[in-house]
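Please keep the sequence and the structure in view while reading.

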Amino acid sequence: WRKRADKSLRSLYSAEELADECAIFVTSSERLSSEQRQSQQNGVRSILCLVEWVRVVCDEGHFLGGGALTNAKILLDALPCRRRWILSGTPAKETSDADGCTSLGNLLSFLRDGRRHNIWPSLSRRFLRGTDESAAKEMVDYLSPIMVRQLKASIKVPPPIRKTILLSCSPTERLAYNSLVAYIKANLFLTSLKGAEHGAGSDVS
């Protein structure tokens, strides 16, 4: 598996295979970074950019709003797709209103909502000045068509189903698990011991 993870997707799949056989393609930011690095080194576009995706869904997508420009961000932005979704519980994680507005502007840019992205700078400036009482309401009206907020209280989540399944481990797996258990037990025992300052003779300097 590690050998496959280190390879370029181009060596594992063709664009046709990805388009025809993958109804859903799940990947990680590490894979995206690796794909972009290899593309830059080889001068060949990633196989992911040769497929027109129906929808790109970026979980924890607030990272697209700020921070350094990474390989994962470059590749995500280059993916050809019809729709782009960002999932995030904190779309503007920054502590200041100014940084938060900048993050939201970057997210709008990723979503390819050109009209909104073009208007956003002037709207955010009015909001940040704090002299226009209507700016906050306009900002909410502006974002409402493309932002959906779901609270836990509004979602009916069924109770979890818990099962205990006994697995048959190989000798190597059994050794690894037993070594881990022994390590944890040793740490628990050592941390429960009192130091010399609490033992016999601790009053002798």
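Leu123 belongs to helix H6; helices (H or I, at least four residues) and strands (E, at least two) are DSSP runs, numbered from the N terminus. The model is predicted: local features need pLDDT of at least 70, side-chain atom pairs count only at pLDDT 80 or more, and totals for chains, interfaces and linings use all residues. Residues are numbered from 1 along each chain as its sequence is written, and side-chain values use heavy atoms, with hydrogens and water left out.

**Leu123 and its surroundings**

- Leu123 has a relative accessible area of 5% and is therefore buried (buried means under 20% relative accessible area, exposed over 50%, partly exposed in between, with a 1.4 Å probe and protein chains only).
- Not counting residues up to four places away in sequence, Leu123 touches Ala135, Glu138, Met139 and Tyr142; contact means heavy atoms within 4.5 Å.
- Between Leu123 and Ala135 there are 7.0 Å in space, C-alpha to C-alpha, although the two are 12 residues apart in sequence.

**Two residues of helix H3**

- Ser39 lies in helix H3, which spans residues 29–42, and Glu30 has its place in helix H3 as well.
- Is Ser39 buried or exposed? Ser39 is buried, because its relative accessible area is 12%.
- The side chain of Ser39 reaches the backbone oxygen of Val44 at 3.2 Å.
- Ser39 touches Val44, Arg45 and Ser46 when residues up to four places away in sequence are not counted.
- Glu30 has a relative accessibility of 56%, so this residue counts as exposed.
- The side chains of Glu30 and Ser29 are joined by a polar contact of 3.4 Å (a pair of N or O atoms within 3.5 Å; within protein, one must be able to donate a hydrogen and the other to accept it, and residues adjacent in sequence count only if both atoms are side-chain atoms).
- Glu30 and Asn71 are separated by 41 residues in sequence and by 9.2 Å in space, C-alpha to C-alpha.

**The nonpolar core**

- The largest nonpolar core has 27 residues; such a core is a set of buried Ala, Val, Leu, Ile, Met, Phe, Trp, Tyr and Cys residues joined through side-chain atoms within 4.5 Å.
- The elements that give two or more residues to this core include helix H2 (15–21), strand S1 (53–59) and helix H5 (97–110).
- Which helix gives the most to this core? H5 does, with five residues.
- Leu76 is one of the residues with the most contacts inside the core.
- Among the residues that Leu76 touches, not counting those up to four places away in sequence, are Leu32, Val56 and Phe110.

**Strands and overall fold**

- The protein has eight helices and two strands, and along the sequence these follow the pattern α-α-α-β-α-β-α-α-α-α.
- S1 and strand S2 (residues 81–87) pair in the parallel sense over six bridges; two strands pair if DSSP finds at least two bridges between them.
- Arg83 in S2 is the bridge partner of Arg55.
- S1, H4 and S2 form a right-handed β-α-β unit, which means that, with the strands pointing away from the viewer, the path from the first strand over the helix to the second runs clockwise.
- Of the 205 residues of the protein, 23% count as buried.
- Among contacts between residues at least 6 apart in sequence, 65% join residues at least 24 apart.
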